[in-house]
Amino acid sequence: MTEIISLVVAKYNYWLYIILMMIGLYAMIAKNNLIKKLVGMNIFQTAIILFYVSTGYKTGATIPIIKNAHGGHGVEAAVIHAADYINPLPHVLMLTAIVVSVATFGVAMALCVRIYQRYQTLEEDELRMRLSEK
Amino acid sequence: MNNYPAILIIAPLLGAFFAGLAVWIQERLAYPIALISLGLSTFASVNVLMAVIANGPVHYRMAGWAPPMGIEYRIDLLNAMVLVLVSSIAFLNLLASYKNVEQETHDRAASFYVAYLLFVVGLLGVVATGDLFNLYVLIEITSLTSYTLVALGDRDRGPLASLNYLFVGVIGASFYLLGVGYIYIITGSLNMVDVAGILPDLPGSSTVLVGFILCLLGVWIKMALFPLHVWLPNGYTYAPTAFSRVVAPLMTKVMVYVMIRLMITVFGLDYVFVKLHLSEAVVWLGTIAIVFGGVMALSQKNLKKMLTYIIICEIGYMVGGAWLGNELGMTGAILHIVNDALMTFALFLAVGNIVYKIKDVDYPNLSGLFGKMPWTMAGFVLAAFSIIGVPPTCGFFSKWYLILGAFEAGAYHFAAALLISSLICAVLFFKVFEICFFAPEGNGHSHDHSHGHGDQVIVMDEAPVASLVTLAIVSLALILVGVYSGTIVNTIILPFLR
């Protein structure tokens, strides 16, 4: 039992992202309103972004701006230890992923507007009823 | 000379930019710009293929950054072939579809071309790139443009079909991204070849396993493998003709390419087949996809929707073949990427021509088409024979390799499914032929342009010449690729696999 607890605590970032992801997935599958589905989609994508961001973190490390990199005078140009700086690469990747998710969100919102203009509803069951009427 | 790998992607990208600008000046300019940029891209991809056949894989470093840090385009025989396929089909389709775009999305033609070019950029990039994260971004570029283009189609159903496609597509791409995250955690690299070099040092790592399965799941969602296929039929049916013609042959096939790339280059066949015991289950999935796709296609009453279920069936061929675990199966799967893209393209070209003349392609409306559109129907028949697998056409040869591979692997259920699907396709298409050929025209509600005149006389009323010429070229390609399939296998596929 204590082993499981320590496992959860040690890797809490992974547990959090999985919980968030499942909340998002649940909303996308189970919710009836299209906007709620969109919100679920956003939570789902954000969970993955948080997962990436958390993997770059190191205990006791600082932001990856190297001090005295330019014009360090002799002694001050200290040796750079990778352990002193968090890994910036996942963060940079996530900038791209954020752009992608915003673009997807925008397209989805535009589609919702089109659907609402055509059917005056965003509830899925009503949409299904309207479509089967025709 | 050395910049062809970049030109082939940048030409349509710049084309999209200039076509977008052209909207403000003169909207008619968008079409020639799109055509020229895709022509350039096709030219570059053919050159790359020649270079790769002559001198081996081409490595192109974006902005000169060395591979593990920078993004590398790595083009070997497999993706050089797929690049030629993608760029030439996109180019030919643009050539054929001018009138269809004018008819269906006349008020937004320029924006259609911009999105179309970006879609092609995404596909070409997915095929060319050698970087796992770059692959994700390019998959999303392809997907985003295809959502918007699907929504431009049918005014009632298009947006809703597109939104459902979007929800499923986002889940697929996110799973892939998550898988890449796991691979990055354990290897610290995103370059495919670099990752492939590190992975053998990590035997039995559960992180690698989870990463592989998540990537695979994401790609399967994107390629509409059977239980994950729900988005495809509506999305492709309600898309505008000019777009469904290009998305149906290319999108799913490019995703099959991604799966094969992950299996061969990144994780390695040794890992996939020897260390993991998944292959039998996946071959069963492929088998079920084939049977399910065939049965669903039989139950359809609309020509376009029927064809979308055939795509699902064909995906089963390729996934099953790739996972048979022998050279014959993999050869069949790779050859089928080319063949299926051509066959599906020919079918959708023909259907696009029919849609151009008679809006609604429900079965009852198709009567008398052989008299009305003989050339279109000739192409349709040839493509249908290829799907069924009649010998001189290309569909036969890849199916032959797949069946041989199935027997070698002892997967008799897969071989049986392939044969059954041939039978189902034969039934399907001869049903369509019967409606088009024998049923008399003009009874009941189908009053066309010639109402009032004698109903017995069938007036020939063909699609635009450009569409017909393209259909003729593709039909010829179906036979040529079939006749020369031995050459393709010996110069491209086998050297790649060995």
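Which hand, left-handed or right-handed, does the crossing of α17(B) and α19(B) have? I found that this crossing is left-handed, the term for a near helix turned anticlockwise from the far one by less than a right angle, with right-handed used if it is turned clockwise.

I noted that this is a predicted model, in which local features need pLDDT of at least 70 and side-chain atom pairs count only at pLDDT 80 or more, while totals for chains, interfaces and linings use all residues. Residues are numbered from 1 along each chain as its sequence is written, and chains are lettered from A and ligands numbered from 1 in the order in which they are written.

**Helix pair.** I looked up the axes (lines fitted to C-alpha atoms over the stretch in contact, with angles from 0 to 180 degrees between N-to-C directions) of α17 (residues 374-388) and α19 (residues 412-437) of chain B, which come within 9 Å and cross at roughly 165 degrees. That makes α17(B) roughly antiparallel to α19(B), a label for angles over 145 degrees. Residues in contact (C-beta atoms, placed from the backbone, within 7 Å) include Met377(B) and Val381(B) of α17(B) and Phe429(B) and Phe433(B) of α19(B).

**Chain contact.** I then turned to the contact between the chains, which takes 20 residues from chain B and 23 residues from chain A. On the side of chain B that touches chain A, α7(B) gives the most, with 12 residues.

**Whole chain.** I recorded 21 helices and 2 strands in chain B, where helices are DSSP runs of H or I with at least four residues and strands are runs of E with at least two, numbered from the N terminus. The C-alpha trace of chain B spans about 80 × 60 × 40 Å along its principal axes.

Key: Contact = placed C-beta atoms within 7 Å. Parallel < 35°, antiparallel > 145°, perpendicular 65-115°, else oblique.
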